Amino acid sequence: MLVWSDPIPTIPIPEKHLVIVDAEAYGQGHEHDLLIPTLDNIRDNFSQIGMCGELFKTTQFTADSGYHSEKNMAHVFNTNIDAYIADTNFRKRDPRFCSPKNDEVAGNEKTVTHRQGKLFRPADFTFAEDFSYCLCPAGQRLYRSGGNVKIKHYSGIKFKGPKSACVPCQLRAQCLRKPDKTEIRQVALLRGRTATGEQSFTDRMKTKIDTAIGKITYARRLAVGEPPFAHIRSVMGLDRFTLRGKVKVNVQWNLFCTVHNLKKIFKFGTLGV
């Protein structure tokens, strides 16, 4: 479901309109392949009411991390859509969410590791001049397992330790994120960007959404996308599908959304639609 909201400069409080411009019961868990069809459906829906111009030239588009993929990021950038789509690490990069209260989760192995101290990094390893092996902080040898590997947009050399050295090592808790599950340590020495190491569309979106404007714009997604569900379920009481089958459920869901829209348009008019 996508809810229409004009850009900030046009209407002071656009969230109050909350008119749904596209809805479909897809019946699948992942959403990566739904972004582009949704954008196309929105254009088709608006063309049917005589609005055939490029809608997204004057509209901001937000979506959660379920819609984030390199293909989708390439699409929004190449079609000049002013999109703000979070990746799975978006909150981890935001200092506002990096408080001990949010990190202290019972049974969270990463939290335990964080409290004990930082894990050993590649800079803590000593590499042989010919890169045939490296020495870990415990003095054990890790042998080369890849001589010219690509790690994201970088070329590098990979090393891994033998079980005979890693399994009984006393420094496992400082070396492995999950010492009770991972047997050996692997480490990579990056040697520079590859010839095709240009910034990915995913990186471009991360840079955009991490700006002050990006964080403010994305934060409005909750005020735009979530209230219609509450209105449909709690206010109108339409919280059950009485039909079965994808086609029938989709028809009933669109009927729910239509009733929601009629109530919103009756109350606020067509402003912001």
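1. Leaving aside the neighbours within four places in sequence, Leu 34 is in contact with Tyr 26, Gln 28 and Tyr 67. This is a predicted model, and Leu 34 is placed in it within the loop that runs between β2 (19-22) and α1 (35-47). Leu 34 counts as buried because its relative accessibility is 8%, below the 20% under which a residue is called buried. The C-alpha atom of Leu 34 is separated by 9.6 Å from that of Gly 66, which is 32 residues away along the chain.

2. The next point concerns a pair of helices. The axes of helix α2 (residues 70-78) and helix α7 (residues 201-209) come within 8 Å and cross at roughly 70°, which means that α2 is roughly perpendicular to α7. The crossing in which α2 passes α7 is left-handed. On the α2 side the contact is made by Glu 70, Met 73, Ala 74, Val 76, Phe 77 and Asn 78, and on the α7 side by Phe 201, Thr 202, Arg 204 and Met 205.

3. How many salt bridges does the structure hold? There are five, and one of them joins Asp 82 to Lys 208, with the closest N and O atoms 2.9 Å apart. Asp 82 lies in strand β4 (residues 82-85) and Lys 208 in helix α7, so this pair ties together parts that are 126 residues apart in sequence. Asp 82 counts as partly exposed, because its relative accessibility is 26%.

4. A further salt bridge brings together the side chains of Lys 163 and Glu 183, at 3.2 Å from N to O. This pair links distant parts of the chain, since Lys 163 belongs to helix α5 (residues 163-166) and Glu 183 to the loop between α6 (172-175) and β9 (186-193), 20 residues apart. Is Lys 163 buried or exposed? At 51% relative accessibility Lys 163 counts as exposed, whereas Glu 183, with a relative accessible area of 41%, is partly exposed.

5. Arg 221 also forms a salt bridge, in this case with Glu 226, and the closest N and O atoms of the pair are 3.6 Å apart. Arg 221 counts as buried because its relative accessibility is 17%, while Glu 226 is partly exposed, with a relative accessible area of 37%.

Key. Residues are numbered from 1 along each chain as its sequence is written. This is a predicted model: local features need pLDDT of at least 70, side-chain atom pairs count only at pLDDT 80 or more; totals for chains, interfaces and linings use all residues. Side-chain values use heavy atoms; hydrogens and water are left out. Axes are lines fitted to C-alpha atoms, for helices over the stretch in contact, and angles run from 0 to 180 degrees between N-to-C directions. Helices (H or I, at least four residues) and strands (E, at least two) are DSSP runs, numbered from the N terminus. Angles under 35 degrees count as roughly parallel, over 145 as roughly antiparallel, 65 to 115 as roughly perpendicular and the rest as oblique. A crossing is left-handed if the near helix is turned anticlockwise from the far one by less than a right angle, and right-handed if clockwise. Contact means heavy atoms within 4.5 Å. Buried means under 20% relative accessible area, exposed over 50%, partly exposed in between (1.4 Å probe, protein chains only). A salt bridge is a side-chain nitrogen of Lys or Arg within 4 Å of a carboxyl oxygen of Asp or Glu.
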